[in-house]
Amino acid sequence: SLGWVNKLLGLAMGAVLTVLIISIILNVLDFIDSGNQVISQTSKDASTLYYPIKDIIGRLFPAAHEIAKPFITT
């Protein structure tokens with residue numbers, strides 16, 4: 001009787017986890033690739049979702065963002 005609710009909540013949790021993992025990957029990639037060799041700056045600027053997804057971790061974990069801020073060059 002909770003089958004559809006369980007599937008719906010599992011789908012939502014999977015989507016949230018996927019977005020968090022992608023956000024972490026984008027932040028690490030942005031940190032490592034400061035010269036924009038992997039993803040060009042024009043591609044980043046043209047993307048609709050790059051910056052909103054990249055900023056999710058900073059919104060969820062502001063303490064981690066403040067600690068990492070001196071190391072991040074934008």
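A residue is called buried when its relative accessible area is under 20%, exposed when that value is over 50%, and partly exposed in between. By this criterion lysine 54 is buried, and so is aspartate 30. The model under discussion is a predicted one.

The overall form may be considered next. The chain has five helices and zero strands, so that, by the DSSP assignment, its pattern along the sequence reads α-α-α-α-α. The C-alpha atoms fill a box of roughly 55 × 30 × 15 Å along the principal axes. The radius of gyration of the chain is 16 Å, whereas a compact globule of 74 residues would have one near 11 Å. Of the 74 residues, 12% count as buried. The chain exposes about 5,800 Å², and carbon and sulfur atoms supply 72% of that area. Among contacts with a separation of 6 or more, 59% are made by residues 24 or more positions apart.

The charged side chains come next. Side chains of opposite charge can pair when their charged atoms come close. How many salt bridges does the count come to? The count comes to two salt bridges. In one of them, the side chains of aspartate 30 and lysine 44 meet with an N to O distance of 3.0 Å. This pair links distant parts of the chain, since aspartate 30 belongs to helix H1 (residues 3–32) and lysine 44 to helix H2, 14 residues apart. Aspartate 30 has a relative accessible area of 15% and is therefore buried. Lysine 44 is also buried, because its relative accessible area is 3%, a value under the 20% limit.

Aspartate 30 also forms a salt bridge with lysine 54, in which the closest N and O atoms are 3.5 Å apart. Here too the pair links distant parts of the chain: lysine 54 lies in helix H3 (residues 50–54) and aspartate 30 in helix H1, 24 residues apart.

Lysine 44 is found in helix H2, which spans residues 41–46. Which residues does lysine 44 touch, not counting those up to four places away in sequence? They are Asp30, Asn36, Ile39, Tyr50 and Tyr51. Two of these residues, tyrosine 50 and tyrosine 51, also form an aromatic pair.

A pair of aromatic rings is described by the distance of the centres and the angle of the planes. The structure holds one aromatic pair. Tyrosine 50 and tyrosine 51 lie 4.9 Å apart, centre to centre, with 90 degrees between the planes, and the arrangement is edge-to-face.

A last stop is lysine 69, which is found in the segment after helix H5 (62–68). Lysine 69 counts as partly exposed because its relative accessibility is 46%. The C-alpha atoms of lysine 69 and glycine 58 are separated by 9.9 Å, and the two residues are eleven residues apart along the chain.

Technical notes
Residues numbered from 1 in each chain as written. Predicted model: local features only at pLDDT ≥ 70, side-chain atom pairs only at ≥ 80, totals over all residues. Heavy atoms only, no water. Helix = DSSP H or I, 4+ residues; strand = E, 2+ residues; numbered from the N terminus. Buried < 20%, exposed > 50% of the residue type's maximum accessible area, 1.4 Å probe, protein only. Phe/Tyr/Trp six-rings, centres within 6.5 Å; stacked < 30°, edge-to-face > 60°. Contact = heavy atoms within 4.5 Å. Salt bridge = Lys/Arg side-chain N within 4 Å of Asp/Glu carboxyl O. Rg over C-alpha atoms; globule rule 2.2 N^0.38 Å. Areas by Shrake-Rupley, 256 points an atom, 1.4 Å probe, with all protein chains shown as cover.
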